[in-house]
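User: Let's go through this model one question at a time. Start with the ground rules, please.

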Amino acid sequence: MKNLNLLSISALFLLFIAGCKGAAENLDESTATDVIATYLKTNPVYEEAKMEVGEIRFKSKNDKLELTKYKSLEEKGWVTLDLQDQKKKFLSKDSVFTYRITLTDKSKPYILKQNAAQATLRALDYVMDSEKPITMIKGDSKVARVTVSLKKEPSDFAILLKNKGTASNYLTKSYKLKYKKDSGWILVGE
């Protein structure tokens with residue numbers, strides 16, 4: 001009888017240990033989504049565009065489209081355009097405008113890098129698509145590969161992109177997640 005009790009207690013103990021271990025290490029879709037969303041908040045995925053700032057000359061014929069882009073950004077409050085000089089070419093229909101272009105305080109969150117003549121700005125942000133589910137490929141109990149769909153969210157600076165990017169409105173990225181006892185599931189690589 002004593003052996004039977006000892007055997008049943010040890011069997012229950014082993015089942016309890018195995019059950020606790022599996023519950024903490026199991027990766028479900030909501031946990032993977034939370035881990036990736038946290039990572040994307042600190043390390044956002046984006047496309048950048050370059051924009052000329054300072055004194056820029058525009059010809060009314062050749063640079064009409066470029067000037068229209070800058071005026072559109074001015075209407076939305078992202079830049080200020082100050083007309084410095086306007087010249088009409090002799091016996092020509094073409095005019096030359098010189099503008100001083102400066103970025104406003106409203107555009108500060110989008111500025112990645114800036115010098116006297118050029119600014120690099122975030123034009124497209126990629127955010128997690130809540131409509132498309134994530135795909136999980138589990139390697140073993142402590143490592144998993146998660147594929148997620150990120151959709152494009154263009155900012156007003158997207159009009160400055162030279163290459164409009166891919167034809168699709170989303171980007172597919174894979175992330176590697178690893179289970180650590182002290183911190184749970186963490187993202188370790190792309």
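Analyst: A contact here means heavy atoms within 4.5 Å. The model is predicted: local features need pLDDT of at least 70, side-chain atom pairs count only at pLDDT 80 or more, and totals for chains, interfaces and linings use all residues. Residues are numbered from 1 along each chain as its sequence is written, and side-chain values use heavy atoms, leaving out hydrogens and water.

User: Among contacts between residues at least 6 apart in sequence, what share joins residues at least 24 apart?

Analyst: Start with the elements: helices (H or I, at least four residues) and strands (E, at least two) are DSSP runs, numbered from the N terminus. The protein has 3 helices and 10 strands, in the order α-α-β-β-α-β-β-β-β-β-β-β-β. For contacts at least 6 apart in sequence, the share joining residues at least 24 apart is 65%.

User: How many aromatic pairs does the structure hold?

Analyst: Rings of Phe, Tyr and Trp (its six-membered ring) pair if their centres lie within 6.5 Å; planes under 30 degrees apart are stacked, over 60 edge-to-face, and the rest tilted. By that rule, the number of aromatic pairs is 8.

User: Is tyrosine 175 buried or exposed?

Analyst: Buried means under 20% relative accessible area, exposed over 50%, and partly exposed in between (1.4 Å probe, protein chains only). Tyrosine 39 has 22% and is partly exposed. Tyrosine 175 has 0% relative accessibility, so this residue counts as buried.

User: What about tryptophan 78 and tyrosine 110: how many residues apart in sequence are the parts they tie together?

Analyst: This pair is edge-to-face too, at 5.3 Å centre to centre and 90° between the planes. Tryptophan 78 lies in the loop between α3 (64–75) and β3 (79–88), and tyrosine 110 in the loop between β4 (95–103) and β5 (111–114), so the parts tied together are apart in sequence by 32 residues.

User: Which residue lies over the face of tryptophan 78?

Analyst: A charge sits over a ring if NZ of Lys or CZ of Arg is within 6 Å of the ring centre and within 35 degrees of the ring normal. Tryptophan 78 is itself buried, at 9% relative accessible area. At 4.6 Å from its ring centre, the residue over the face is lysine 106.

User: In β6, which residue is the bridge partner of alanine 49?

Analyst: Two strands pair if DSSP finds at least two bridges between them. Strand β1 (residues 45–52) and strand β6 (residues 118–128) pair in the antiparallel sense over 8 bridges. Alanine 49 is on the covered face of β1, along with Val45, Glu47 and Met51. Its bridge partner in β6 is leucine 121.
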